[in-house]
Amino acid sequence: MTEALDVWSEFHVAMLGATAALAGLVIVAASVNIEKIILAKALTARLAAAIAGLVLAILTSGIALIPALEPLWFGALVLVTTAGAAGFQVHAALALRKDPGLGSMVPRAALGFLPLIAYTAAGVLLLAGLPVGLMFAAAGSLLALVVAIVISWIALVEVLR
């Protein structure tokens, strides 16, 4: 089953580069207005969760590129790294409860959990010996990019309002 992970190597190389570049851009963009961002606790927490999601995607793609890594180990490491990123997202969701922002808190908080759900499914499926977990890991990476872009845009618009 190691061959199944090898098939995804080009995808992970591309995701590693793209995600690392986006993470750098998000951090630079946030640093320009950091004084305003830290005043909004929910915004700060959401931005931190978005960056944690990007770091999760970077780590997942990097781990996937370890030579001769067994999918079982990949699944276990995906679950461990996902748990770390989940802490940031839970904190963001709790911060949103106190934020009277636009719209319901549930969809605003749910957005950040999408990549975590995909990565969790990937880890569980891979631990069960099911190669379809690799598709869920890919979905998690792509969702992490989308969520980070959306949250970053929201943060920048909120700061400039």
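## Thr19 in helix 2

Thr19 touches Leu54, Ala57, Ile58 and Leu145, leaving out residues up to four places away in sequence; contact means heavy atoms within 4.5 Å. Thr19 is found in helix 2. At 0% relative accessibility, Thr19 counts as buried. Buried means under 20% relative accessible area, exposed over 50%, and partly exposed in between, with a 1.4 Å probe and protein chains only. Thr19 and Leu145 are 126 residues apart along the chain, yet their C-alpha atoms are separated by 6.8 Å.

## Basis of the model

This is a predicted model, in which local features need pLDDT of at least 70 and side-chain atom pairs count only at pLDDT 80 or more, while totals for chains, interfaces and linings use all residues. Residues are numbered from 1 along each chain as its sequence is written, and side-chain values use heavy atoms, with hydrogens and water left out.

The chain averages a pLDDT of 90, and 95% of the residues score at least 70. pLDDT is the predictor's confidence in each residue, from 0 to 100. Among the elements of the chain, helix 5 (residues 71–97) has the highest mean pLDDT, 94. The lowest, 81, belongs to helix 3 (residues 34–37). Helices (H or I, at least four residues) and strands (E, at least two) are DSSP runs, numbered from the N terminus.

## Helix 2 against helix 7

Helix 2 (residues 9–32) and helix 7 (residues 133–160) have axes that come within 11 Å and cross at roughly 15°. Axes are lines fitted to C-alpha atoms, for helices over the stretch in contact, and angles run from 0 to 180 degrees between N-to-C directions. Helix 2 and helix 7 are therefore roughly parallel to each other. Angles under 35 degrees count as roughly parallel, over 145 as roughly antiparallel, 65 to 115 as roughly perpendicular and the rest as oblique. Helix 2 passes helix 7 in a left-handed crossing. A crossing is left-handed if the near helix is turned anticlockwise from the far one by less than a right angle, and right-handed if clockwise.

On the helix 2 side, the contact is made by Phe11, Met15, Thr19, Leu22, Val26 and Ala29. Helix 7 contributes Ala138, Ser141, Leu142, Leu145, Ala148, Ile149, Ser152 and Leu156. The residues of this contact divide into eleven nonpolar, three polar and no charged. Ala, Val, Leu, Ile, Met, Phe, Trp, Tyr, Cys and Pro count as nonpolar, Asp, Glu, Lys and Arg as charged, and the others, Gly among them, as polar.

## Helix 2 against helix 4

Helix 2 and helix 4 pack at an angle of about 155°, with their axes 9 Å apart. Helix 2 and helix 4 are therefore roughly antiparallel to each other. Their crossing is left-handed. Residues of helix 2 in the contact include His12, Met15, Leu16 and Thr19. They meet residues of helix 4, among them Leu54, Ala57, Ile58 and Thr60. By class, the contact of helix 2 with helix 4 has 14 nonpolar, five polar and no charged residues.

Thr60 sits in helix 4 (residues 41–64). Thr60 is buried, with a relative accessible area of 1%. Beyond four places in sequence, Thr60 touches His12, Phe74, Val78, Thr81 and Tyr119.

## Helix 4 against helix 7

The axes of helix 4 and helix 7 lie 9 Å apart, at an angle of about 155°. Helix 4 and helix 7 are therefore roughly antiparallel to each other. The crossing of helix 4 and helix 7 is left-handed. The contact of helix 4 with helix 7 divides into twelve nonpolar, four polar and two charged residues.

Ala68 lies in the loop between helix 4 and helix 5. Its phi is near 60°, a positive value in a residue other than glycine. Ala68 is exposed, with a relative accessible area of 62%.

Leu72 is in helix 5. At 46% relative accessibility, Leu72 counts as partly exposed. Leaving aside neighbours within four places in sequence, Leu72 is in contact with Leu126 and Leu127. Leu72 and Gly123 are 51 residues apart in sequence and 8.3 Å apart in space, C-alpha to C-alpha. Leu77 also has its place in helix 5. Leu77 counts as partly exposed, at 31% relative accessibility. The C-alpha atoms of Leu77 and Val124, 47 residues apart along the chain, are separated by 11 Å.
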